[in-house]
Amino acid sequence: MLSRVADSLYWMSRYLERAEHTTRLLDVNLNLMLDESESSAEKRWQRVLQALGNPKEVEWTGDPYELTRTLTFDTQYKGSIISCIISARENARHVREQISTEQWHRLNSLYLEVTGPNLRFDKMTGTEQPTEFLQQVMEAVHQFQGVSDSTMSHGEGWQFIQVGRYIERAAATALLLEAYHEDLWSAPEVTGDGNEYLEWMGLLRSATAFEAYCKVYTADLTPDRILEFLLLDEEFPHSLRFAIDSLQRSLIAIDKESAISHAEPLRRLAGRLQASLSYSSVDEILKQDVIAYLQAIQTQCGEIHNTIYELYVDYSIQAALAG
Amino acid sequence: MTSSTSPQFGHPALKNYKLDHAYDEMFQSADELHSHYEPLLEHFTSLPENELQRRKQSADLSFLNQGITFTVYGREEGTERIFPYDLLPRIITSAEWATVERGLTQRITALNLFLKDIYNEGKILDDGIVPREVVYSCKQFRRQMIGLQVPRNVYIAVCGTDLIRLENGEFVVLEDNLRVPSGVSYMLTNRRVMKRIFPQLFRGYNVRPIEHYTQALLGTLRSLAPEGRPEPNIVLLSPGVFNSAYFEHAYLARQMGIELVEGRDLVTHDNIVYMRTTSGLRRVDVIYRRVDDDFIDPLAFRADSILGVSGLFNAYRAGNVTLANAFGTGVADDKALYAYVPDIIKYYLTEEPILKNVETYLLTKPKERNYVLANLDKLVVKAVGESGGYGMLIGPQASVAEREEFARKIEADPRNYIAQPTISFSRAPCLIGDELQPRHVDLRPYVLYGDKVTIVPGGLTRVALKDGSLVVNSSQGGGSKDTWVLSQ
């Protein structure tokens with residue numbers, strides 16, 4: 001497969017995953033905000049920004065709807081939902097002959113919906129429309145993932161789509177946990193306004209994990225279990241462990257297909273991260289510096305990304321000719 | 001069945017169908033059809049009005065959903081539009097097609113011999129059949145090609161020749177497109193949509209298939225592989241997603257099962273071309289390029305091009321990679337050279353041309369120039385290097401000022417222009433609103449030349465959808481229709 005094609009499929013997938021994550025974060029927090037006093041809004045939205053990596057283009061002005069509008073529609077901000085969808089579609093357009101017609105239809109329709117003349121910024125200031133719109137985007141991304149899995153050959157191209165999706169998801173989940181860390185694990189007694197339950201639920205919902213968590217632990221929410229579930233659960237698609245397991249599976253499949261002789265560093269990097277998540281317990285993690293632990297995971301995701309590029313996409317011609 | 005005693009014009013769908021002096025593809029005269037159009041017209045007029053519209057919408061939707069679009073330049077970046085599609089097929093009889101096929105085979109054979117000759121011995125120039133100045137002053141002439149051997153002596157592997165029908169029904173050549181002719185994907189998708197929308201009509205007609213075009217193209221490309229590369233890697237080189245024909249590039253690559261590459265995917269090393277893949281560099285043997293000469297290698301040609309591959313020309317010169325079409329083929333589709341093609345055919349093949357040229361005045365010849373300048377109101381003047389309907393004067397429709405402006409341009413640079421009589425080429429029935437109306441059409445068959453000549457029966461019929469217009473280019477509001485060649 002052409003390196004450029006792998007690159008485009010990877011980013012198409014990452015951008016969509018990013019759009020979905022931002023969408024859910026906004027949706028969940030807009031909803032929970034209605035249940036609390038206005039004074040605590042400040043903290044909530046600062047935390048949303050932290051979970052998105054504190055983008056420097058985005059300013060918190062004190063108005064949640066203003067922030068929602070920026071994170072959704074501002075094309076100046078490359079991480080906004082609409083920017084992500086535009087970028088995903090642009091990547092797909094470059095590799096149209098590589099993806100299925102059904103994939104293209106789904107993504108192209110989403111793009112036409114969100115860039116169409118019917119959506120206007122000023123309409124989004126009300127309290128009703130944003131939620132409806134965010135729901136639509138989430139559903140469309142889910143449909144795209146379903147259509148990808150059921151209509152595209154699960155060959156190398158599909159594996160690169162998986163890699164993009166899961167590396168983005170792993171990094172975003174680690175960042176999300178980091179954003180919540182102060183409130184939930186380092187000083188839980190401070191949130192003494194009786195709203196802990198709402199916050200914990202908010203965290204789980206931000207990772208689509210509330211229902212799945214309840215199936216395992218019942219609706220009895222405790223910070224330790226939440227951390228355990230989002231970090232280490234083997235079966236839940238948004239847990240870090242699941243994301244890294246899937247990532248590793250796809251990397252192995254790509255490795256097999258491309259048969260590059262020097263793929264060892266990548267195997268080692270991803271394998272180490274996978275092993276650490278497979279064989280850790282939440283008690284051990286809580287005994288150490290949790291923030292440092294979560295940041296280390298983000299760093300490792302970055303290293304995996306760079307190594308994928310060095311191996312498959314952006315390798316030096318000299319090295320390739322020699323090898 | 002229709003008979004000459006029941007004029008078709010009585011049908012409400014035909015109430016605005018007017019014949020003029022142009023050849024009509026469907027009607028022989030006001031009350032007589034060309035017999036091969038009888039079942040078609042019968043079928044169409046038997047459909048209820050809204051049924052025709054329903055099928056038309058279904059066809060349009062199918063094009064839109066499949067993303068069969070072309071990119072319109074200017075205005076917003078990358079506006080995508082569907083190529084207007086007309087529901088009524090254009091029908092060509094097997095006898096008519098046989099002539100066209102022989103004529104095109106003769107023409108591409110002679111043009112390939114011509115290119116080999118002018119880039120090597122230059123005998124036709126020595127013998128004074130084609131003046132040296134015409135060849136050497138051509139912008140598409142590539143000095144770099146002189147003395148170079150191309151595989152199997154094939155310069156033009158893919159050719160799209162534009163034909164029109166004169167008032168007497170004879171097919172003549174309007175121009176040859178020898179560089180990167182496009183439109184074949186519309187020919188193929190038009191057929192697919194047609195088969196889906198009118199299966200029964202289609203079935204009753206014995207239409208010759210065209211589906212094998214992509215396989216024939218692949219076979220042609222494979223036959224041009226460099227020596228010692230029995231399992232060649234073939235790629236299609238596209239300028240990328242902003243090119244107006246990107247849909248076609250992606251379509252053909254997918255249908256042939258070859259990689260669609262852009263310049264940035266290719267690298268050259270030691271005169272070998274490679275593509276960057278996830279498994280490392282992979283050698284490339286044959287490039288079906290849809291990028292013009294000028295842009296293909298910034299080292300050899302335009303240094304500011306970002307579409308090409310540095311060093312590609314040297315790899316080509318070294319014989320390590322084949323390009324289809326070869327560099328420098330554009331010299332043979334220069335509009336001034338076009339006038340010499342009949343002589344070129346006689347010179348190399350000692351045969352009379354089967355397909356005639358449209359009469360063409362060369363403005364470098366004083367006698368012809370004087371005639372043209374005196375008769376600008378009757379003629380069409382074209383700039384030799386332009387395409388897509390740009391740089392044209394249609395004399396009878398132009399203002400005095402426009403004609404004077406062209407006269408000045410001609411006098412300043414006679415080599416840059418040719419003139420032709422205004423030809424009212426044939427018209428075919430099209431669905432306009434709820435009615436059938438005649439519109440001017442041309443025909444672009446696609447000729448493949450490798451170890452043999454292959455022409456799939458038919459081609460792209462382009463339609464000037466505006467009433468009275470003679471311009472069929474998609475960039476100027478033209479459309480297309482399916483072209484049926486009958487097997488008996």
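This is a predicted model: local features need pLDDT of at least 70, side-chain atom pairs count only at pLDDT 80 or more; totals for chains, interfaces and linings use all residues.
Residues are numbered from 1 along each chain as its sequence is written, chains are lettered from A in the order in which they are written, and side-chain values use heavy atoms, with hydrogens and water left out.

Let's start inside chain A. Helix 12 of chain A, residues 264–278, and helix 14 of chain A, residues 290–313, have axes that come within 9 Å and cross at roughly 155°. Axes here are lines fitted to C-alpha atoms over the stretch in contact, with angles from 0 to 180 degrees between N-to-C directions, and helices are DSSP runs (H or I, at least four residues) numbered from the N terminus. So helix 12 of chain A is roughly antiparallel to helix 14 of chain A, a label for angles over 145 degrees.

Who's touching whom, with contact meaning heavy atoms within 4.5 Å? Helix 12 of chain A brings, among others, A:Leu266, A:Leu269 and A:Leu273, and helix 14 of chain A brings residues including A:Ile297, A:Ile304 and A:Ile308.

Now the chain contact: 25 residues from chain B and 26 residues from chain A. The two chains bury about 2300 Å² between them, 50% of it on carbon and sulfur atoms; that's accessible area (1.4 Å probe) lost on being put together, summed over both. On the chain B side, B:Val241, B:Arg276 and B:Thr278 lose the most, together 31% of what that side buries.

Finally, there are 2 salt bridges between the chains, meaning a side-chain nitrogen of Lys or Arg within 4 Å of a carboxyl oxygen of Asp or Glu. A:Arg4 pairs with B:Glu262, closest N and O atoms 3.4 Å apart.

Note on methods
Helices (H or I, at least four residues) and strands (E, at least two) are DSSP runs, numbered from the N terminus. Angles under 35 degrees count as roughly parallel, over 145 as roughly antiparallel, 65 to 115 as roughly perpendicular and the rest as oblique. Contact means heavy atoms within 4.5 Å.
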